[in-house]
Amino acid sequence: MSCPILVIGYGNTLRQDDGFGWWVAERLIEEPVEGVQVIACHQLTPDLAEPLSQCRVAVFVDAREGEPVGELDWETVAATPSANASFTHSAGPAELCLIAQAVYGSAPAQAYLLTVKSVHFEHQERLSPEVEKAVERATAMIRRFVLRTAGGASQPSLPLEGDRLLDYHNA
């Protein structure tokens, strides 16, 4: 295993809040966390299966349509193919994990998807104020997650119900 934890932040930075994942990844690249490899990209592509095959835990970071704007959600990624995966240029987190297993014989033991909700996907580079604040909260959540994971937290304690409580956006 070349990295215990891989964070892949993705999104189009020219489509306002769609760039959320990319901005979170860039923040983590600027302030590296030991034992964490970070990739910032515009979309998930099959070539990401190779680094995925070399990590124990993967965290995907993305934006999705929904309200309230700026709310963060954390969910477990189940490695199952989606029905429309064969009709797209890119894959989802689950499909990438499946590709990693099929091609390289190894996939992350755990994979998670951290998303921010938004309705702002216009043609502009600047994030909405709510999602800009969410970049900081998401970066902090990932850092806490890494510390817990590196500290030997078992999988059942990691599904992050607790991290919702640590997301002060809704407090």
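User: Taking strands as DSSP runs of type E with at least two residues, numbered from the N terminus, in which strand is Leu 6 found?
Analyst: The model is a predicted one. Under that definition of a strand, Leu 6 belongs to β1.

User: Is Leu 6 buried or exposed?
Analyst: Leaving aside neighbours within four places in sequence, Leu 6 is in contact with Gln 37, Ile 39, Pro 51, Leu 52, Cys 55, Val 57, Ala 58 and Val 59. One of these, Ile 39, lies 33 residues apart from Leu 6 along the chain, with 7.7 Å between their C-alpha atoms. Because the relative accessibility of Leu 6 is 0% and the cut-off for burial is under 20%, Leu 6 counts as buried.

User: Where is Gln 16 placed, and is Gln 16 buried or exposed?
Analyst: Gln 16 sits in the loop between β1 (3–10) and α1 (20–30). Beyond its neighbours within four places in sequence, Gln 16 is in contact with residues including His 120, Phe 121 and Arg 126. Since its relative accessibility is 8%, Gln 16 is classed as buried.

User: Which element gives the most to the largest nonpolar core?
Analyst: The largest nonpolar core has 28 residues, and those with the most contacts inside it are Val 7, Phe 20 and Ile 142. At least two residues of this core come from each of β1, α1, β2, β3, β4, β5 and α4. The element that gives the most, with 8 residues, is α4.

Technical notes
Residues numbered from 1 in each chain as written. Predicted model: local features only at pLDDT ≥ 70, side-chain atom pairs only at ≥ 80, totals over all residues. Heavy atoms only, no water. Helix = DSSP H or I, 4+ residues; strand = E, 2+ residues; numbered from the N terminus. Buried < 20%, exposed > 50% of the residue type's maximum accessible area, 1.4 Å probe, protein only. Contact = heavy atoms within 4.5 Å. Core = buried A, V, L, I, M, F, W, Y, C linked by side-chain atoms within 4.5 Å.
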